[in-house]
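Colleague: I'd like to go through this model with you, term by term. Could you tell me what stands behind each label?

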Amino acid sequence: YTWSVLAAPAGAAPVFSVNGVNAARSTVATFNRAGQYTFQVIAADVPGLTATSATTVTVNAKLSRLLVSPASATLRRNGRQRFSAAALDQFGVALATQPPVTWSKASGIGRVSATGLYTAPNRVGFAAIRARAGGLAATASITVVR
């Protein structure tokens with residue numbers, strides 16, 4: 001049994017647990033990208049007769065991690081910093097459609113807007129802001145200096 005990839009998402013490189021031998025009749029494919037894949041298998045017997053078959057598999061992206069950027073910032077008093085959040089799938093790739101993000105202050109001084117804009121007060125100190133999306137949360141730390 002010899003498996004090959006006829007079509008795959010850009011950057012995808014599926015790996016077969018075993019290939020080109022009889023044990024490959026029950027191979028396992030490991031994926032590194034979500035998307036649609038088309039595989040072909042050629043089964044050959046000892047006299048050289050072959051049979052070919054193809055199948056399509058869809059690997060769905062699953063929200064697995066939320067990343068806030070920048071992860072930390074140092075601002076002057078009354079300074080501002082825009083933060084963003086990216087929802088990543090199980091392969092560490094940004095989801096094609098990003099879920100809505102809710103921003104809040106986790107601790108400390110200053111305030112954060114609904115769009116991720118942090119505004120420092122007119123004093124020094126520390127803060128943490130939190131982004132939430134799809135049941136996940138991530139934070140960023142802020143240091144306010146003179």
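Modeller: Happy to; here is what the labels rest on.

Modeller: This is a predicted model, in which local features need pLDDT of at least 70 and side-chain atom pairs count only at pLDDT 80 or more, while totals for chains, interfaces and linings use all residues. Residues are numbered from 1 along each chain as its sequence is written, and side-chain values use heavy atoms, with hydrogens and water left out.

Colleague: How do you know how many helices and strands there are in the protein chain?

Modeller: Helices (H or I, at least four residues) and strands (E, at least two) are DSSP runs, numbered from the N terminus. By that rule the protein chain has zero helices and 14 strands.

Colleague: What tells you how the protein chain compares with a compact globule of 146 residues?

Modeller: The radius of gyration is taken over C-alpha atoms, and the globule rule is 2.2 Å times the number of residues to the power 0.38. For 146 residues a compact globule would come out near 15 Å, but this protein chain has 24 Å. The C-alpha trace spans about 85 × 20 × 20 Å along its principal axes.

Colleague: Which strands form the open sheet of three, and what makes them paired?

Modeller: Two strands pair if DSSP finds at least two bridges between them. β1 and β4 (residues 35-44) have five bridges, in the antiparallel sense, so they meet that definition. One facing couple there is Trp3 and Val41. The order of the sheet is β1-β4-β5, with antiparallel pairing. Its edge strands are β1 (2-7) and β5 (50-59), as each pairs on one side only.

Colleague: Why is the pairing in the sheet of four called mixed?

Modeller: Strands of a sheet pair through backbone hydrogen bonds, either parallel or antiparallel. In the order β7-β14-β13-β10, β7 and β14 run parallel with five bridges, whereas β13 and β14 run antiparallel with nine. Ser72 stands opposite Ser141 in β14, and Ile129 stands opposite Ala140. The edge strands of this sheet are β7 and β10 (102-108).

Colleague: What makes a group of residues a nonpolar core?

Modeller: A nonpolar core is a set of buried Ala, Val, Leu, Ile, Met, Phe, Trp, Tyr and Cys residues joined through side-chain atoms within 4.5 Å. Buried means under 20% relative accessible area, exposed over 50%, partly exposed in between (1.4 Å probe, protein chains only). The largest such core has 20 residues, and Val68, Phe83, Trp103, Tyr118, Ile129 and Ile142 have the most contacts inside it. Elements giving two or more residues to this core are β6 (65-69), β7 (72-76), β13 (125-133) and β14 (136-145). A second, separate core of eight residues includes Ala12, Tyr37, Phe39 and Val59.
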